[in-house]
Amino acid sequence: MGYVLLAGAIAAEVAATTAMKYSEGFSRLWPSLVTLLGYVVAFALLAQTLKTVSVGTAYAIWAGAGTAVIAAIGMLFLGEGLTAAKLTGIALIIAGVVVLNLAGAH
């Protein structure tokens, strides 16, 4: 169940960060409210996750997956460039999370 909550936390954080892009510096009401609500939900779900998943594992997955998904959204939907450096960075983030999990961070 902890990993289901973690997936929800990641989804909420990704939605909040994407909405932040559209808030135009918090000058637009609805995207700003979605940002606020998304982060509240993300942190609430992350807190619940920590009841059953170790903090190192949960945070590594949350931060790594969120970063990778946001980078992909930026490249696919927001017109940000796709470069070898970005792809390498995303691959390193994913590899780091995998190594933490294999090394017994949980």
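So, the fold: along the sequence the protein reads α-α-α-α, with 4 helices and 0 strands. Helices here are DSSP runs of H or I with at least four residues, strands are E runs of at least two, and the numbering goes from the N terminus. Before I go on, this is a predicted model, where local features need pLDDT of at least 70, side-chain atom pairs count only at pLDDT 80 or more, and totals for chains, interfaces and linings use all residues. Residues are numbered from 1 along each chain as its sequence is written, and side-chain values use heavy atoms, with hydrogens and water left out.

Okay, overall dimensions. Along the principal axes, the C-alpha atoms fill a box of roughly 45 × 35 × 15 Å. The protein has 106 residues, and 29% of them count as buried. Buried means under 20% relative accessible area, exposed means over 50%, and partly exposed is in between, with a 1.4 Å probe and protein chains only. The accessible surface comes to about 6,300 Å², and carbon and sulfur atoms own 76% of that. Those areas are Shrake-Rupley with a 1.4 Å probe, and for residues only the protein chains shown count as cover.

Now contacts, meaning heavy atoms within 4.5 Å. Take the ones with a separation of 6 or more: 63% of them are between residues 24 or more positions apart.

What does the largest nonpolar core look like? It has 14 residues, and those with the most contacts inside it are Leu6, Ile10, Leu46, Ile61 and Trp62. A core here is a set of buried Ala, Val, Leu, Ile, Met, Phe, Trp, Tyr and Cys residues joined through side-chain atoms within 4.5 Å. Helix 1 (2-22), helix 2 and helix 3 each give two or more residues to this core. As background, nonpolar side chains in soluble globular proteins tend to be buried together.

Let's stay with Trp62. It's buried, at 8% relative accessible area. Leaving out residues up to four places away in sequence, Trp62 touches Leu6, Ala9, Ile10, Glu13, Ala42, Phe43 and Leu46.

Trp62 also brings us to the rings. The whole structure has 2 aromatic pairs. To pair, rings of Phe, Tyr and Trp (its six-membered ring) need centres within 6.5 Å; planes under 30 degrees apart are stacked, over 60 edge-to-face, and the rest tilted. Phe43 and Trp62 have centres 5.5 Å apart and planes at 55 degrees, so that pair is tilted. It links distant parts of the chain, with Phe43 in helix 2 (residues 29-49) and Trp62 in helix 3 (residues 55-77), 19 residues apart. Then Tyr59 and Trp62: centres 5.6 Å apart, planes at 50 degrees, so tilted as well. Those two sit 3 residues apart in helix 3, so about one helical turn separates them. Put together, ring pairs join Phe43, Tyr59 and Trp62 into a cluster. As for accessibility, Phe43 is partly exposed at 48%, and Tyr59 is partly exposed at 48%.

Back to helix 2: is Thr49 buried or exposed? Thr49 lies in helix 2 and is buried, with a relative accessible area of 0%. Again skipping residues up to four places away, Thr49 touches Gly2, Leu5, Leu6 and Ala58.

And Trp30? That one is in helix 2, and at 64% relative accessibility Trp30 counts as exposed.
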